[in-house]
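Keep the structure open as you read.

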Amino acid sequence: MWRFGGRPGRASRGADIGALLVPEAFGVDPGLRTACEAVRGGDAEAGLPLLAESREDPETRVLRAVELGRAAVDRPGDVAALVEGGADRADAVLWLGYALLARIPGRPAGRTSTAERKAVSATLHEARDVLEVAAELRPGDAAPWEGLQNAAAGLSADREDKDRIWRETIARAPHLFPAHMTRVRALCPPPGESAATGAAEEMFAFAGSVADTAPEGSPLPAVLALAHAEHLRRERDRLSEAGNMDFVVNGAMGRLYGEAVQELFSFARDWVARAVPHPRDAQAHHLFGWAFHKAGTAEAARWHLNAVGGLRCDLPWSLFGRASTEAGRAMAELGVDPAGDPGA
């Protein structure tokens, strides 16, 4: 159970803390960090054994495909060449698809040119085509379908296509954590739709259902916190696009409060009490930590962000700025030291 009650130690400034954080995958899978460094150095073959080992473990396979894709973001040709060199075609094509996805910017700052938008669209179409091949090569593999969810979101695919990909994904891996996160984001209403319209109801209904029906000890209930983050991000963008100044927008956003916080608190405590080790535990702690920090529930937020140690997760922090900066700022405000003892 949570050991509340400790006094926060001295923390560095948020930017300094953010610089200490490393991707969650490297904490879960230390060998992955070594392989990614080798890939960045030009040894693409170093990533193949990790993909081969994870064929029967969708959570690990997606985790590895994402990080190996990021490592090869500037060298997709090296990954494509592996097929010619006799590598397992399904593994190499899956990796290439994620390397192409890694080339897509998260949320570009400011306006983008027509040429930039066309380049992003072309890359997303290429990633989609490659991942469809990966899905055909290994029909039981959920990882290509999880990647296709992201490609469909980036291409603003129609709802029927998004629903089809979602069904294919969960048919292969019913509890795949990143797939559920992507689904939450896919159900988030488009910019410009006010919360007053009830446009976010489907997203919250889905996230709440996932939290209610998650296997005992699973971190999946944390996707409900992501739904709240997406909702606040959308409302912030709507207020900004309406011409409000930043300080007005920030003041209007307020905090999470009331029944929403109590619901998240209940799900978080139940998960912690029965937790079964999972590759996405750090991600769940970040989601709950963000939510409780936003709610002003400092003790719970501090506990969850202490639990991540020095591991960084992009979501939900990247919805509001640079992930490492936003997470570091929250840790600094709460007195969390990622270099200290997570259990302190």
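A polar contact here is a pair of N or O atoms within 3.5 Å, and within protein one of the two must be able to donate a hydrogen and the other to accept it. Keep in mind, too, that what you're looking at is a predicted model.

With that in hand, go to His-285, which sits in helix 16. Its side chain makes a polar contact with the side chain of His-304, at 2.9 Å. Is His-285 buried or exposed? Its relative accessibility is 10%, and the cut-off for buried is under 20%, so His-285 counts as buried. Setting aside residues up to four places away in sequence, His-285 touches Trp-271, Trp-303, His-304, Leu-305, Ala-307 and Val-308.

Two of those names, Trp-303 and His-304, turn up again where helix 15 (residues 259-274) meets helix 17 (residues 298-307). Two packed helices are described by the angle between their axes and the distance between the axes. For helix 15 and helix 17, the angle is about 40° and the axes are 12 Å apart. Angles under 35 degrees would count as roughly parallel, and helix 15 and helix 17 are therefore oblique to each other. Their crossing is left-handed. On the helix 15 side you'll find Phe-265, Ala-268, Trp-271 and Val-272, and these meet Ala-300, Trp-303 and His-304 in helix 17.

Now for the rings. A pair of aromatic rings is described by the distance of the centres and the angle of the planes. Searching the whole structure turns up five aromatic pairs. Take Trp-166 and Phe-206 to begin with: their ring centres are 5.5 Å apart and their planes stand at 80°, so this pair is edge-to-face. It links distant parts of the chain, with Trp-166 in helix 10 (residues 159-172) and Phe-206 in helix 12 (residues 201-213), 40 residues apart. Trp-166 counts as buried, at 10% relative accessibility, and Phe-206 counts as buried at 16%.

Compare that with Phe-288 and Phe-292, whose ring centres are 6.1 Å apart with planes at 10°, so the pair is stacked. These two are four residues apart in helix 16 (residues 281-294), which means they are separated by about one helical turn. Both Phe-288 and Phe-292 are buried. Ring pairs also tie them to Phe-265 and Trp-271 in a cluster.

Helix 11 (residues 177-187) and helix 12 pack at an angle of about 160°, with axes 8 Å apart. Angles over 145 degrees count as roughly antiparallel, and helix 11 and helix 12 are therefore roughly antiparallel to each other. The crossing of this pair is right-handed. Helix 11 brings His-180, Arg-183, Val-184 and Leu-187 to the contact, while helix 12 brings Glu-202, Met-203, Phe-206, Ala-207 and Val-210.

One last stop: Cys-36, in helix 3 (residues 30-40). With 0% relative accessibility, Cys-36 counts as buried. Which residues is Cys-36 in contact with, leaving aside neighbours within four places in sequence? They are Phe-26, Glu-67, Leu-68 and Ala-71. As for Glu-67, it is 31 residues from Cys-36 in sequence, and the two are 7.2 Å apart in space, C-alpha to C-alpha.

Technical notes:
Residues numbered from 1 in each chain as written. Predicted model: local features only at pLDDT ≥ 70, side-chain atom pairs only at ≥ 80, totals over all residues. Heavy atoms only, no water. Phe/Tyr/Trp six-rings, centres within 6.5 Å; stacked < 30°, edge-to-face > 60°. Buried < 20%, exposed > 50% of the residue type's maximum accessible area, 1.4 Å probe, protein only. Contact = heavy atoms within 4.5 Å. Axes fitted to C-alpha atoms, helices over the stretch in contact; angles between N-to-C directions. Parallel < 35°, antiparallel > 145°, perpendicular 65-115°, else oblique. Left-handed = near helix turned anticlockwise from the far one by under 90°.
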